[in-house]
Amino acid sequence: MTKSTSIIFILLFSLVFRLERQRFSLMFVVLLIAVGLFMFSYEAAQFDLIGFCLVLFASFLSGIRWTTAQLLSQKKEWGLSHPIDMIYHTQPWMALAILPLSLYIESTELVTSKTLFRSSDFPQLFIDMLYLSIGGLLAFGLECSEYLVVATASGLTLSIAGILKEVCTLYLAAKFNGDQISPINMLGFIVCISGIMLHVVLKTMDCKCFSDLFCCSNPCS
């Protein structure tokens, strides 16, 4: 439920950095999606204060991350509009930040694992490394697509797309894994989807307005 606050932080920082215009319709869409996601995931997990604070802080940092990424990628003079350029300049720092924690938690298990470094079954080791490589390629493609959306649209649009993925995941879990959905959850699902659809409609209208303005200012086209 706390993850639904990330879109609010992204909107907040987008307004602070003047990446989005302050509009009632935009705030209404964000509030609609956040409330809908909160209702849809209501009672899906037990409350833990430490976990709540950590997820809330992560949502706060997510807002900073994607708004600054949008700020950097949409300034052509900085030459970071291409996703590969953004990954080249940002991923090493992200890897350095998480590497000590990863080594502290997983290094012993990784080194002593019989499926990797202590493996004597080389065909199986090759298959495992192939799976890891495929996962890495998929993650790289996902990262490229995320930065591409941020560069061409906005961090807010990316966040809404991510929320749509989460909603679909929760819905499929309820449908195929037998997770219980209460009336509040179903109402939240409808509210969240309505907010996403409204965002798409507003974006389409904005694009049409800009397109009409461009066509009117260029009579030769």
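**View 1. Arginine 65, a partly exposed residue in a predicted model.** In this predicted model, arginine 65 has a relative accessibility of 29% and therefore counts as partly exposed, since that class lies between the limit of under 20% for buried residues and the limit of over 50% for exposed ones. The residue belongs to helix α3, which covers residues 49-73.

**View 2. Glutamate 143, a buried residue.** Glutamate 143 has a relative accessible area of 13%, and it is therefore classed as buried, because the cut-off for that class is under 20%. Its place in the chain is helix α5, made up of residues 122-152.

**View 3. The salt bridge between arginine 65 and glutamate 143.** Between arginine 65 and glutamate 143 there is a salt bridge, in which the closest N and O atoms are 3.0 Å apart. The two partners stand 78 residues apart, so that the pair links distant parts of the chain, namely helix α3 and helix α5. The count of salt bridges comes to one.

**View 4. The helices of the protein chain.** The protein chain contains seven helices and zero strands, and when it is read along the sequence the pattern is α-α-α-α-α-α-α. If we look at contacts between residues at least 6 apart in sequence, 76% of them join residues at least 24 apart.

**View 5. Surface and interior of the protein chain.** The protein chain has 221 residues, and 28% of them count as buried. Its accessible surface comes to about 15100 Å², with 72% of this area belonging to carbon and sulfur atoms.

Terms used: Residues numbered from 1 in each chain as written. Predicted model: local features only at pLDDT ≥ 70, side-chain atom pairs only at ≥ 80, totals over all residues. Heavy atoms only, no water. Helix = DSSP H or I, 4+ residues; strand = E, 2+ residues; numbered from the N terminus. Buried < 20%, exposed > 50% of the residue type's maximum accessible area, 1.4 Å probe, protein only. Contact = heavy atoms within 4.5 Å. Areas by Shrake-Rupley, 256 points an atom, 1.4 Å probe, with all protein chains shown as cover. Salt bridge = Lys/Arg side-chain N within 4 Å of Asp/Glu carboxyl O.
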